[in-house]
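Thanks for coming. I will take a few local features of one model in turn, and the sequence and structure are on the screen now.

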Amino acid sequence: MKKFILVTETGSDMPQEYIDRYNIKIVQMHVSFGDETYDDSDIKAADVFDYYEKHKVLPTTSGSTPNDFAEVFQAINRDYPGCEIIYIAYSSVTTVSFSSAKIAARDFPNVHLIDSKNCTVGLTNIVLSAAEFIEEHPDATAEEIIAFVEDVRERTRFVFLPQTLLYLKAGGRISNASYLGAMLLKIFPSIDLKDGYLVAGKKYRGNFKSVYKKMIEDFFQRFNLNRDFIRLIKVHGLSEEYRLDIEEIVKSHGVKQFEWIDAGAVIACHGGPGAVGIVGIEY
């Protein structure tokens, strides 16, 4: 029976309990505050918001370097001789991580690379699906695991809703005019993940509470989702009132189980405080 080791980046926001359970190896992405650059795992979303409030400048994020991957691949091969490494990447069109892993993998013939076309909890969902598949199919080959991951990737649906557009404006992702217009008209544009890209989705109008309800309702109407298990993501600043209300809305759509995942610094730089997202897998 072949030993498989799963690898992904910190930008997956993978909870520690799953890292420990499935022995998932995590490669650092990076966050820069001015001239100081830190490993993503050393920074919290609250640090991003505190820095912006103080300096009115948004921290910047960067993908993993070839050396980041080489160190992880080398350690895995040292600790698990003869294993196969399955690297499931943060969306390749949003960061250099996948390209960096390709460079590092030239020296490691046992590394298999898959672009998840996802980020944060969407990526976590795919990696954990792979972990469960490997656990349930101990005799699976690398090719079978890759085929499974690519299939799940194409059926993963992720929608994200910022509570404020200030961070999208600060990052240059929307214009000042668009920002002011949205604020004036109380418009909240959702963000969809399509083929690896974070793109503007449906625009909702109203207060945030009414808007996230509409977003969730649309999510379940648009997609033929497996409602046995849904994952939700929350960014630092989402109120307890909203969190509990969202749980009731999700349950009202027939979801049997769900779990919250806390957003890390990478997605927090884009979403801003109090953002919320939902991820599911279609049949």
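A residue counts as buried here when its relative accessible area is under 20%. Thr120 has 0% relative accessibility and is therefore buried. Please keep in mind throughout that this is a predicted model.

Let me stay with Thr120 for a moment. Thr120 is part of helix α5. Its phi is near 40°, a positive value in a residue that is not glycine. As background, most residues other than glycine have a negative phi. Asn23 is another case: its phi is positive, about 55°, and it is not a glycine either. Asn23 sits in a loop, the one between α1 (16-22) and β2 (25-27).

Next, Asn118. Asn118 is in the loop that runs between β7 (111-115) and α5 (120-136). Is Asn118 buried or exposed? With a relative accessible area of 3%, Asn118 is buried. Leaving out residues up to four places away in sequence, Asn118 touches Ala89, Tyr90, Ser91, Leu123, Ile126, Arg153, Thr156, Phe158 and Leu193.

Now the cysteines. How many disulfides does the structure hold? The count is zero. For the reasoning we need the cut-off: a disulfide requires two cysteine sulfur atoms within 2.5 Å. The cysteine sulfur closest to that of Cys119 belongs to Cys269 and is 13 Å away, so the distance is too far for a bond. Taken from the other end, the closest cysteine sulfur to that of Cys269 is in Cys119, again at 13 Å and too far for a bond. Cys119 is buried, at a relative accessible area of 2%, and Cys269 is buried at 1%.

On to helix packing. In general, two packed helices are described by the angle between their axes and the distance between the axes. I have two pairs.

The crossing of α3 past α4 is right-handed. Which residues make the contact? From α3 they are Pro66, Phe69, Ala70 and Phe73, and from α4 they are Ser97, Ser100, Ala101, Ile103, Ala104 and Ala105. By class, the residues of this α3 with α4 contact are eight nonpolar, two polar and no charged.

The second pair is α9 with helix α10, residues 240-252. Here the angle is about 30° and the axes are 10 Å apart. Angles under 35 degrees count as roughly parallel, so α9 is roughly parallel to α10. α9 also passes α10 in a right-handed crossing. On the α9 side the contact is made by Phe208, Lys209, Tyr212, Lys213 and Ile216, and on the α10 side by Glu241, Tyr242, Asp245, Ile246, Ile249 and Val250. The residues of this α9 with α10 contact divide into seven nonpolar, no polar and four charged.

One more residue from α9, and then I am done. Glu217 is found in this helix, which covers residues 208-222. At 28% relative accessibility, Glu217 counts as partly exposed. Phe229 is twelve residues from Glu217 along the chain, and the C-alpha atoms of the two are separated by 16 Å.

That is the list. I can go back to any of these on the screen.

Note on methods. Residues numbered from 1 in each chain as written. Predicted model: local features only at pLDDT ≥ 70, side-chain atom pairs only at ≥ 80, totals over all residues. Heavy atoms only, no water. Left-handed = near helix turned anticlockwise from the far one by under 90°. Helix = DSSP H or I, 4+ residues; strand = E, 2+ residues; numbered from the N terminus. Contact = heavy atoms within 4.5 Å. Nonpolar A, V, L, I, M, F, W, Y, C, P; charged D, E, K, R; others polar. Buried < 20%, exposed > 50% of the residue type's maximum accessible area, 1.4 Å probe, protein only. Axes fitted to C-alpha atoms, helices over the stretch in contact; angles between N-to-C directions. Parallel < 35°, antiparallel > 145°, perpendicular 65-115°, else oblique.
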